[in-house]
Every structure is written in C-alpha cells, then in structure tokens.
Amino acid sequence: MSRRTGGTGGTGGPDAGRAGAAGTRGNPPLEIRKTYKIWVGGEFVRSESGRTDPIASRKGRFLANVSRGSRKDLREAVRKARAAQPGWAAKSAYLKGQILYRMAEMLESRAAGFEKTLGDSRGLSPAAARQEVRASIDRLVHYAGWSDKITALLGTVNPVASSYFDFSVPEPMGVVGLVAPEEPDLIGLVSHLAPIIVSGNAAVVLLSQAHPLASLELAEVLATSDLPAGIANLISGHKDELAPHLARHMDVQAIADAGGDRALSQGIAEDAAVNVKRVKRYAVPDYRAESAQGLDFIESFVEIKTTWHPIGA
Amino acid sequence: MRTAALPFDVSRVPPIDQAGIEERAASLARRSIKKGAKRTGIRLALSMLDLTTLEGKDSEGKVRQLCRKAIRPLPEDPALPHAAAVCVYPNLVSIAKDALSGSGVKVASVATGFPAGLVPLPVKLEDARRAVEMGADEIDMVIDRGAFLSGELAKVADEIFQVKAACGPARLKVILETGELETYDNVRRASDLAMAAGADFIKTSTGKVAPAATPPVVLVMLEAIRDHYLATGRRVGMKPAGGIKTSKQALHLLVLVKETLGDGWLTPELFRIGASTLANDLLMQLAHESSGNYQNEDYFTKD
Amino acid sequence: MSTTITTGTPEEKSAAAAVEKIAAERPRIEFGGAWDYSPAPESRDIVRLQKRYGLFIGGRFVPAKSGRVFSTINPATEETLAEVSEGGAADVDLAVKSAEEAYRKRWSKLKPAERGKYIYRIARLLQEKSRELAVLETLNGGKPIKESRDVDLPLAVAHFFYHAGWADKLEYAFPRHRVSPIGVCGQIIPWNFPLLMAAWKIAPALAAGNTVVLKPAETTPLTSLALAEICREADLPPGVVNVVPGAGETGAHLVNHPRVRKIAFTGSTEVGKLIQRALAGTDKRLTLELGGKAANIVFEDAALDQAVEGIVNGIFFNQGHVCCAGSRLLVQESIEDVLLEKLARRIETLRVGDPLDKNTDVGAINSKAQLDKIRELVASGVEEGARLHQSSCALPAKGFFFPPTFFTGVAQSHRIAREEIFGPVLAVMSFRTPDEAIEKANNTPYGLSAGVWTDKGSKVFRITSMMRAGVVWANTFNKFDPASPFGGYKESGFGREGGVHGLKAYVELS
C-alpha cells in the first residue's frame with residue numbers, strides 16, 4: 001500500500017467540506033470521527049509502535065488513521081490468545097454457537113454503518129456493500145449452527161480388533177494465525193475467522209492492509225457479543241512486517257493464509273516449519289458463494305485425538 | 001455365630017483391569033517351553049499334582065488305584081517324582097491314608113459341605129475336623145460364595161478362620177470358586193480375604209463349575225499372594241484346579257508362577273495343580289520328549 | 001519351610017536348594033534359575049537371503065544406475081546379511097516416472113473395486129508369508145521375534161485388509177465431495193517398524209488410487225524389498241509400487257522431485273522440519289509423523305499391576321524404538337514407592353538377548369549409532385543427577401544391546417526428560433494433583449501420545465481430554481489398529497494414519 005499523507009491528510013474526510021461551520025444554522029454538526037485502534041486481548045489499544053497509517057478511499061480521499069500493529073502487538077496478541085483459548089475451548093458447543101449467533105445479531109444491528117464503511121473504503125455501490133454485509137451476517141449464522149455438530153461429523157468410533165473402546169474426536173489446535181484477504185475485507189475476514197473460533201481455537205488476525213476499517217469495526221461487534229477477551233485479536237498493519245513473526249511464533253499452532261500474496265505465502269510456509277505449524281493456504285474465488293463456507297473450513301484447524309480404553313468388568 | 005471384624009482392609013484391595021490382566025496372561029502363554037525346560041517342567045508339574053477324584057461314584061478301589069498312580073506315576077520309571085497329594089471326599093480319607101502310608105504323598109480331603117458350601121457352620125467345622133481325624137494332611141474347604149457376593153465378607157472370613165482352627169495341624173486350602181465370583185476384582189478381593197483369614201493355600205475352583213482355573217484368574221491370585229508375602233512375610237500357596245488337562249496348560253501355569261512369584265514358589269510346598277486326567281498327558285509328553293514318538297493314551301493306565 | 005522334593009534329577013535338586021536359600025531371607029521375590037527356559041530360537045532357515053538386492057522399479061529389481069551398494073547387517077550379531085543397491089537421483093527419477101506412468105495408464109483407470117482386489121491379494125500373500133517376513137524383520141532390525149510375529153506382521157496384514165475395503169467406498173468417507181487420487185506419493189519410512197510402516201503408507205495410498213515410491217530406512221531395507229516381491233507375486237501392475245532403498249540423500253531426491261505430488265514422512269522431528277521447509281511454496285501435499293516424548297500418568301487409584309505392564313510395554317516394547325513410547329512416567333506421589341518397587345521387580349523378568357529366541361522380550365538396538373545415542377543420553381542423565389536403575393540381566397557379547405533402564409529423581413529440565421531417547425530408557429517423575437500431572441504431561445514440544453491410568457471413569461475422560469496428544473491410551477498403552485487414526489499434535493507432526501481420518505491424506509477432494 002502506498003502512503004497517502006498529502007492532500008487530504010489530517011483534515012480531510014468524507015464530509016470535510018460541509019463541516020466547516022458546524023452547529024451553525026443550516027449546517028449539520030461536526031462529525032465525530034472514529035479512532036481506529038487494534039483489538040488485542042479484548043481491548044482497543046493503540047499500537048505499541050505509536051505509529052499509524054492513513055487509510056484512503058478508493059479515490060484517494062483520506063478516511064482515517066489506523067494503528068500500525070507491531071511485532072510486539074503481535075506477541076501480546078498471541079499471549080492473550082494463548083491464555084484465553086483453553087477457557088473458550090472448554091465452553092459448551094451450545095454456548096459457542098450462541099455467541100457466534102450473537103455476533104450476527106450485533107452485525108445486523110449495525111449493518112448500515114458497515115455498508116457505509118465498505119462504500120467509503122472500497123468504493124462499493126450501496127447494493128454491493130449491502131450484499132457483503134448481508135453475506136457476512138449469514139456466514140456468522142451458518143457457523144453459529146456448526147458449533148454442536150462438528151464433533152458428530154468429524155468424530156468416529158473405531159472398530160478395533162481388540163477389546164477396546166476406541167474413538168476419535170476433533171479438538172481445537174490452539175492459537176491460529178489468520179492472514180486475512182485484502183479484498184473483500186469484511187466477508188473475507190468473517191469467512192475465515194468464524195470457522196477458526198467456532199471449534200474452540202483463538203485467532204490472531206493480520207487484517208486487510210489496504211482496507212482495515214470494516215474489520216476494525218467488526219471488533220466492536222465481537223466485543224459486544226460475549227466472545228471472551230483474547231479469542232479474536234485483530235491487528236492492522238503491514239503484513240510483510242508482521243507475517244514472518246506470526247509464522248515463526250512458537251506458540252502459534254497453525255496459520256490460515258488467505259492473504260493472496262505469493263511471496264508472503266512462500267515465507268509463511270517456510271517459517272512455519274520452525275514448530276511444525278499447520279498451514280492452510282486459501283485462494284477463494286468468491287467469498288459470497290456457498291462454497292466459501294462449511295465443515296472443510298473448520299476441519300483444517302482441528303486436531304484429531306484418538307482415545308483407547310479397555311472394555312471389561 | 002461369632003461376628004468377627006474383617007481381618008483385612010477391603011479399601012486397600014487393588015482394582016484389576018480385565019483387558020490388562022488377560023493380555024498379560026496371554027503374553028505369558030506365548031512363552032516357548034522346549035527341550036530341557038520342558039522335561040524339567042513336566043517333572044515339576046508331576047510333583048505338584050493333587051491327583052483328584054471327587055465323584056459321587058468314587059469307590060475304595062478307585063481311590064487305591066489313584067494312590068498307586070500318585071506314588072509311582074509310571075511303574076516302569078521309578079525315578080519320576082511322586083504326586084504331591086491325593087484329593088478325595090472325607091469318606092475316603094482313611095482308605096487313601098492307608099494306601100499312601102510312608103510314600104510322602106499327602107492326603108487331601110475336601111470338606112465344609114463341598115462343593116456348594118451351603119451347610120451350617122457347625123456342620124462345616126465338624127466335616128473338617130473329622131477329615132483331619134481320619135488322617136487328612138490337607139483340607140480343601142469352599143467359601144460361601146452366596147455370602148461373599150452379598151457383601152458379607154466378615155462372615156466368609158470368620159468361617160475360614162474357624163475352619164482353620166478346626167483343621168489343627170492340617171494345612172488349609174481355601175477354594176474361592178472363581179467361576180462363580182465372575183469378576184477379577186472379586187477374585188482378588190476373595191484372595192486377600194482368604195489369606196488374611198488364615199488360608200495356607202488359595203485355590204481357584206471345585207472342578208464342578210466352569211470357567212475354573214483360567215490363566216488370568218490364576219495370575220490375579222498369584223499377584224495377591226505376592227503382595228501378601230511382601231506385606232507380611234508369609235508365603236501362601238496356590239492351587240489352580242478345574243479344567244487343567246494338558247501338559248501345555250500345566251507348563252503355562254508354571255510360567256505364570258515363575259514370572260510372578262519367582263523361584264520361591266516353584267515347589268509342591270507352595271504350588272499345586274488339582275487335576276484328574278492331567279497326569280497321563282504329562283507322562284505322554286515326557287515319553288514323547290525322550291523317544292521322539294507321539295503317544296497313544298492306551299499305553300498309559302487311566303488310574 | 002522345607003521342600004519335599006526328595007527324588008528327581010539334578011535340576012530338581014538344585015531347584016530345591018535355591019528354594020531353601022530364599023526361604024531364609026526377608027520378603028523378596030527371587031527370579032532365579034530354579035526352572036529356566038531353554039533356548040527357543042526361531043529357525044532362520046525359512047528366510048533365503050540373497051547376496052545382493054536391487055531397487056524395485058517398474059515391477060523389476062534393478063541395480064542402481066551408479067552401481068552403488070551398501071551393506072545391511074543383523075544388529076544382534078553385527079553379521080552382514082546382504083548388499084543393497086543405493087538409490088541415487090537418477091534412480092529416484094526413474095522410479096517416480098514409472099510410478100507416474102503406472103498412475104496415468106493403469107492404476108487410475110482401474111475400477112476402484114478392482115484396485116481393492118489387488119490390495120486384498122497383497123494382504124493374503126503377506127499373511128501366507130508372515131513367518132518368513134517376521135524372521136526377516138527380526139534379522140534385519142533386531143526386534144524380538146515374538147513382536148515381529150505377534151505385532152508387526154499381523155498389523156501389517158490388517159492394514160492391507162482394512163484399506164482394501166476402502167478402495168470402492170471413498171465417496172462414503174467424504175460426502176459432498178468428489179474424491180480423486182493425488183498421483184505419485186513419495187513415502188519415507190523409519191527403521192523401527194520397517195514392514196509395518198511400509199504397510200501404513202502403501203495400503204491407504206493404493207486404496208485411494210495413488211501410486212507409490214517408497215524409501216525404506218538405510219538400516220532396514222529387507223522387508224520392504226520382500227514386500228515389493230509380494231507386489232510382483234500379486235501381479236500388481238508394474239510401477240504402482242516402487243521401492244528405492246537409501247539414506248537421507250535418497251530421501252531428499254524423492255522429496256524434491258517435481259513429479260511427486262505428495263510426501264508422507266515418518267521419522268525425526270528434525271528431518272520433518274527440513275522437509276516441511278523444502279516443500280514450502282510447492283503444491284505438494286505433506287503428512288508428517290515425527291518424534292514424541294509421551295507421558296504415562298499413573299494415578300493412585302489405578303490397577304497397579306496392569307499399570308506396570310503398561311509402563312513396561314510403553315517403554316520396552318521394541319527396545320523403546322517407538323515414536324509414541326511412554327518415555328516419561330508421571331506417578332502420583334502417594335504410590336511412587338510401591339509402583340517403582342513393582343517396576344524394578346518387573347524389569348528383572350524381562351529377557352534381553354537373541355531377538356530370534358521366542359522368549360526374548362527385549363532385542364537388539366537397531367544400530368551402533370542408535371546405541372551410542374542412547375548411551376550418551378543415559379550418561380547425561382547420570383551426570384545431571386538422576387538415579388539410574390537397570391535390569392541386572394546379562395547382555396550378549398556381540399551385537400548392540402542395552403538393558404532395560406529407568407531413572408528416578410528426574411527433573412523436568414533434564415535432557416532425559418525432554419529429548420526423545422528412542423531406546424529402553426524411562427524417566428520417572430512424580431506429581432501430586434491431576435492439574436500438576438496435566439501440566440507436566442503437556443510440557444513438551446511433542447504431542448504424539450499419552451497414557452493415563454486410573455480406575456475412575458470420570459477422571460479418565462477429564463485427563464484424556466486435557467492431553468495435548470493425538471493418541472491417548474487410557475488404562476493401556478501402545479495399542480494400534482488400522483481402523484484407529486494415529487498421529488500427532490504440535491511438533492509430533494500433522495495428518496493421521498489409519499481410520500477414516502487417515503484416508504484424507506491420500507485423496508484430492510473437490
């Protein structure tokens with residue numbers, strides 16, 4: 001992404017021209033702009049780096065400054081994710097499903113805002129923005145319903161030849177790194193994040209670098225959905241800076257690589273070997289399609305545990 | 001009836017895992033006993049035999065023949081060891097005593113309302129006492145399985161204790177009838193109980209109930225004996241009985257003893273095999289080992 | 001107490017004397033020679049060794065292009081068994097090409113049910129030759145004949161039987177997906193279960209419609225080559241299975257070959273990481289089954305005698321050359337003394353020696369290099385202050401042997417508690433509470449297996465669910481079955497072998 005600090009930098013904004021005489025008769029009051037912070041461990045924080053990147057609309061208009069996450073932010077996110085993950089995994093599937101459904105509810109209630117952000121940041125038409133928000137809501141509902149079916153569909157009872165009861169069940173992998181697609185930012189993020197966390201993983205996400213606004217707003221949805229702090233951590237910033245640290249982090253068990261950047265993917269795949277990380281690379285042609293959801297997305301981030309126990313009296 | 005406190009702490013009886021004990025017994029069954037080990041093992045098994053006849057139709061003549069077999073299993077081979085004992089019903093004790101006189105073969109008598117044990121305690125005591133009076137060196141008593149399975153452990157222990165007293169100098173073998181106890185946990189619990197109550201031997205079965213002396217059951221009892229010995233210093237003997245017909249089975253039992261209790265129990269003083277037809281199979285195997293020819297049972301006297 | 005044996009042979013008299021002696025002492029179980037087993041060697045006549053073995057490529061045994069050979073030995077005697085051709089880059093290339101051609105022209109065109117019939121045939125032939133192959137496995141690898149006979153061979157057969165049946169049922173395993181094979185699979189296997197690992201790899205690959213280039217470990221190539229011969233007897237189309245023996249370099253050629261579509265590797269974590277790195281950015285599929293340092297947790301309420309058997313089986317099975325070996329014993333403090341006393345007594349009954357003897361429990365260490373590694377780690381244990389306990393058994397003068405060993409007073413930080421020893425060496429540590437046990441058990445980069453011993457059902461489910469390991473044995477250890485998925489968490493690798501989950505590694509889903 002190129003830095004665009006000139007022109008509209010600092011004072012520009014969607015309504016800048018109209019806001020000059022805020023509060024005077026005939027003029028709308030001055031808009032309160034949002035400070036976009038990263039979301040780590042359930043808290044909205046400025047990057048430890050103290051740096052920000054300006055985000056512009058497709059046409060180059062300044063929209064906002066977003067925190068540029070650093071490797072220390074990443075480290076903190078993994079720490080928080082690690083601490084939170086066992087508790088999240090231990091919650092009943094029923095409760096996890098309700099929390100994901102709550103995310104859909106919260107997104108629905110703020111649909112208009114997301115549509116506007118998508119329109120501003122990616123230049124989507126109102127209809128297209130609406131479709132993406134609708135699809136994101138539907139995706140959350142889809143995964144909400146998965147929580148209590150995963151084990152039944154991915155688990156097996158294995159007919160071994162000796163006197164043992166033998167069964168295999170899926171378990172979460174632990175902390176999963178997600179390199180979110182650049183576009184579409186909202187449905188792309190939701191489509192990968194939901195299947196990662198629904199099985200009990202915690203996620204550390206490198207957001208779309210070009211279009212992080214809707215994703216950072218999604219943090220506000222997640223924050224009000226009873227999702228335990230630390231289960232999703234959303235970090236904006238420069239992917240090429242952060243991805244190697246994510247891939248080399250010894251406390252990250254797996255990476256969903258949907259970033260779509262060949263060089264970055266190569267580096268992630270190589271670095272992942274440091275602790276035998278599982279890496280799943282995605283190239284999803286159409287995130288709104290039904291093929292962009294389902295059990296396969298969940299299965300990539302579960303481990304299968306097989307347990308043996310003797311049968312006797 | 002005297003109500004005694006339990007002579008052992010039931011809560012300390014270890015659990016037994018069925019699959020685990022069965023696998024261990026099966027793995028020991030795969031020991032390969034060949035050549036010298038086979039010959040020595042068969043002779044050892046012969047010396048540990050409690051040659052048994054416990055049928056309603058038993059007669060004086062049958063018991064005398066059995067005694068001759070016990071003293072000299074193979075007439076043409078005087079170097080073979082004699083059996084450890086002859087085991088009979090109480091009414092035939094005096095016959096056996098007479099026939100075995102001076103041979104070193106012991107007389108064992110079943111008692112205490114064998115095989116069910118469902119007679120009043122005074123009758124059990126009298127049964128044992130009379131058998132000893134008539135010359136029994138060893139008494140094979142049965143426990144009250146009904147009482148055991150109902151949880152009346154103190155009653156079972158008290159009966160053993162009193163029978164032991166009634167036996168005087170005779171050694172007491174306590175038959176658990178493991179086939180009726182059903183679980184290995186019960187076998188272990190009954191073993192610990194019997195030893196705590198004074199048993200000199202613990203014995204699997206009457207021979208009237210199947211399953212009887214299965215290898216895992218024997219292994220459970222051997223482990224109980226080992227733990228009792230390590231805790232108290234007292235060596236209790238073991239007697240599997242029931243369904244042991246072949247040399248292979250007998251050698252397998254010796255393997256269980258060797259690898260659980262070690263050298264100390266590889267003696268007729270502490271290990272017996274209760275059987276009626278096993279002797280001939282041991283002899284046939286021995287003949288095969290020395291001649292290389294497979295044998296026909298008609299060359300060996302039935303009793 | 002006196003003994004009544006008055007007649008009898010000299011053996012019986014010496015037995016009687018031994019009994020007398022023991023009777024006088026304090027309670028102690030004596031495992032001596034009162035009645036000892038005679039040697040019971042399995043005859044090796046059933047195996048007809050060739051002087052030299054070729055590579056199996058395109059259905060024929062051929063020499064390496066380079067002409068290079070290496071010697072393979074019997075680790076129990078150090079005698080050379082045969083010379084084996086060593087596959088180089090050109091041989092691997094030829095093998096991959098022949099596998100690709102077989103895939104394109106024959107194997108992928110076959111009706112799935114017909115594919116299954118070939119695999120059934122292999123299973124039957126393997127069954128018929130079980131005895132010969134068991135002896136060969138023991139000769140070449142050093143494992144006790146009772147294990148190759150009762151574990152390796154029956155399980156290898158079972159793997160072929162199990163997977164044969166999958167060949168025409170793959171759509172049932174992956175509903176809503178179109179299932180197709182991947183293509184040429186490169187498979188690299190270790191020396192601890194040479195034939196069994198070959199079966200684990202080849203059976204599912206063939207069932208799913210792939211063809212195979214297998215590289216056996218350099219110390220144990222013979223049973224893989226015997227399996228190749230069986231493939232030929234089964235009339236398996238040439239090139240469907242290729243076997244290219246060699247060392248790490250041969251494996252690297254296979255990993256890096258551009259026409260290989262999938263790599264399945266079983267071996268060390270170190271090499272696994274190299275392979276994962278090497279395949280980064282390629283479209284090759286990868287499954288890894290790597291090292292382990294499994295905890296075997298024994299609670300005070302466990303069936304202790306069976307737990308001892310599980311501990312023994314966990315660490316001394318196959319000389320401890322087992323990636324999922326229970327190499328860390330975590331014992332609840334309240335029973336530590338009694339359990340270790342039982343363990344010490346039990347290892348005295350382990351019979352160490354000639355692997356071909358049917359009564360041998362612990363055979364030969366697979367190689368000199370491995371023996372050196374075991375010795376080095378055991379020395380480090382002593383140096384770091386742990387207490388060494390070893391069986392008093394005598395070891396054969398020739399060959400590579402190591403006595404059953406355990407360490408007490410081990411700290412989590414000791415090398416013997418952290419590193420995979422891959423030998424008959426157990427590190428014992430204690431714990432007081434379930435949470436402490438869980439924490440210690442999971443405190444390792446590995447996550448292949450774990451064991452839990454308790455008589456309490458609810459505790460079984462809690463502890464097994466908390467283990468970060470792919471296979472958890474509760475009240476048992478080291479059990480395997482083709483229907484049961486096997487594979488690791490964390491640095492023990494990814495992907496499963498066996499069961500429905502194992503199939504996934506060999507199919508393309510769309």
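This is a predicted model: local features need pLDDT of at least 70, side-chain atom pairs count only at pLDDT 80 or more; totals for chains, interfaces and linings use all residues.
In what order do the eight strands of the open sheet in chain B follow one another?

View 1. Residues are numbered from 1 along each chain as its sequence is written, with chains lettered from A and ligands numbered from 1 in the order in which they are written. The strand order in chain B is β7-β6-β5-β4-β3-β2-β1-β8, with parallel pairing (two strands pair if DSSP finds at least two bridges between them; strands are DSSP runs of E, at least two residues, and helices runs of H or I, at least four, numbered from the N terminus). At the edges, β7 (237–239) and β8 (273–275) of chain B each pair on one side only. Direction ignored, neighbouring strands are turned by 25° against each other on average (axes are lines fitted to C-alpha atoms, for helices over the stretch in contact, and angles run from 0 to 180 degrees between N-to-C directions).

**View 2. Strand β1 of chain B and its surroundings.** Three parallel bridges join β1 (residues 49–52) of chain B to β8(B). Leu49(B) has Ile273(B) in β8(B) as its bridge partner. Helix α3 (residues 60–71) of chain B packs on the sheet and touches β1 and β2 (85–88) of chain B, its direction making about 160° with that of β2(B).

**View 3. The contact between chains B and C.** Here 41 residues of chain B are in contact with 39 residues of chain C (C-beta atoms, placed from the backbone, within 7 Å). On the chain B side, α2(B) gives the most, with eight residues.

Notes. Two residues are in contact if their C-beta atoms, placed from the backbone, lie within 7 Å.
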